[in-house]
Amino acid sequence: MLNNLIDRIRLPFRKDKELYSALFDILGFYPRKITYYKVALMHKSLGHRATAEELRVLEGKKKDKGRKDDKYTRKGRRNERKGRLGKPLNNERLEFLGDAILDAVVGDVVYQRFPGKPEGFLTNARSKMVQRETLGRLAKEMRISELIMASGRSASHNSYMGGNAFEALVGAIYLDRGYEACQQFWMNRVMGKYLNTDKVAYKEVNFKSKILEWAQKNRINIDFRLEEQSQDKNGSPTFAYTVVLEGVDGCSSEGFSKKESQQRASEDTLKRLRNDAKFLDAVFAAKSERTKMEEQPVSVAPDVERSVVDDIVVTSVKPDETDVLTKEKVTEIEQDIDSMSLDDVKAEKSREDIIAEAEAAAYEG
């Protein structure tokens, strides 16, 4: 409290008093070294080149009080005389640092908040709190996004810029005030005002995974159809996907990445499946039609008895020895028939005897 009071008294005399005030509203305290926070808000699209003062602060070097100019200042002046620019400077290094600090801070919070929960639940809860989408929304609600320094083109389409700046800001807090200040910032400024830890921990955010799981359980064919891949007015790539269930179009959505587009389309389709009975009926009707066609016989069933006989009876005649009625064989058979004689065939009774016996039997009757 005393430090904040002293910093408030000094505020009118500071060079970047507007930035100090804006950061106080976000962080709950005034920065000690404003350079950390300036760099945390620099996107690489800005093309900023590091000054001697920025390098000194970021590398933790103190100015030599015995000399008017230190090596950073002298190097900067030499570069200026030679027309050289300093090395590129942006928030990516602070983003890396802030990401690691956030994992530790949020992991501690989740561990204390949900006693007895298994490791898988804790990991999932933490990942949902520190994912880019969540941090991006926090950056917007906390008005961090309004302070980001970037080119107009990048700021208009990069949906992860706010989340990245949020992480970089945590990295700046760590370098400026230490780990405990990062904990207090998250618990008092984020959880206390903008984030419902319980709601986020139990909320399902991977909508694509959720709809894939539902389709698998119900044996529904699912596909993600790319509708369009184009560019916005600033030349940034955009994607549009539609969720297709059993050939029935679900919802479509656009995004600046394939993952973002498919996630949004999956979320909207899941909501439609829950709220639109006609759509749900159409999906299952299409499934029934598909399975009905798959179950229709493609040929007549085989003759079971003939198959059994064919399997049991084994012929000794080889395929190449089977009788085939060639022209020569037909001629041979006809000659045999012509040479046949009925002389050797003897009947037990003659024709006359058979007729006489028949007439006698008729008279007797």
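Helices here are DSSP runs of H or I with at least four residues, numbered from the N terminus. The model is predicted.

**View 1. The protein chain as a whole.** The protein chain contains 18 helices and three strands. Of its 365 residues, 32% are buried. Taking contacts between residues at least 6 apart in sequence, 58% link residues at least 24 apart.

**View 2. T134 in helix 8.** T134 belongs to helix 8. T134 is classed as buried because its relative accessibility is 14%, and the cut-off for buried is under 20%. With neighbours within four places in sequence set aside, the contacts of T134 are K128, M129 and L195.

**View 3. The largest nonpolar core.** This core consists of 53 residues, and L27, Y37, I144, F166, F185 and W186 have the most contacts inside it. At least two core residues come from each of helix 2 (17–27), helix 3 (34–40), helix 6 (92–113), helix 7 (119–130), helix 8 (132–141), helix 10 (161–177), helix 11 (179–191) and helix 12 (197–202). The most is given by helix 10, which supplies eight residues. Another core lies apart from this one; it has 14 residues, including A215, F224, Y241 and L245.

**View 4. Surroundings of Y37.** Y37 is one of the residues with the most contacts inside the largest nonpolar core. Beyond its neighbours within four places in sequence, Y37 is in contact with L23, L27, F29, P31, L169, A172, I173 and D176.

**View 5. L169 in helix 10.** L169 sits in helix 10 and counts as buried because its relative accessibility is 2%. Residues up to four places away in sequence aside, L169 touches L23, I26, L27, Y37, A40 and I144. L169 and D99 are separated by 70 residues in sequence, and their C-alpha atoms are 9.9 Å apart in space.

**View 6. The hairpin of strand 1 and strand 2.** Strand 1 (residues 222–231) and strand 2 (residues 237–245) run antiparallel and are joined by nine bridges. Opposite S230 stands T238, in strand 2. Five residues lie between the strands of this hairpin, in which G235 has a positive phi near 85°. F224 and Y241 are among the residues of the 14-residue core that lies apart from the largest one.

Conventions
Residues are numbered from 1 along each chain as its sequence is written. This is a predicted model: local features need pLDDT of at least 70, side-chain atom pairs count only at pLDDT 80 or more; totals for chains, interfaces and linings use all residues. Side-chain values use heavy atoms; hydrogens and water are left out. A nonpolar core is a set of buried Ala, Val, Leu, Ile, Met, Phe, Trp, Tyr and Cys residues joined through side-chain atoms within 4.5 Å. Buried means under 20% relative accessible area, exposed over 50%, partly exposed in between (1.4 Å probe, protein chains only). Contact means heavy atoms within 4.5 Å. Two strands pair if DSSP finds at least two bridges between them.
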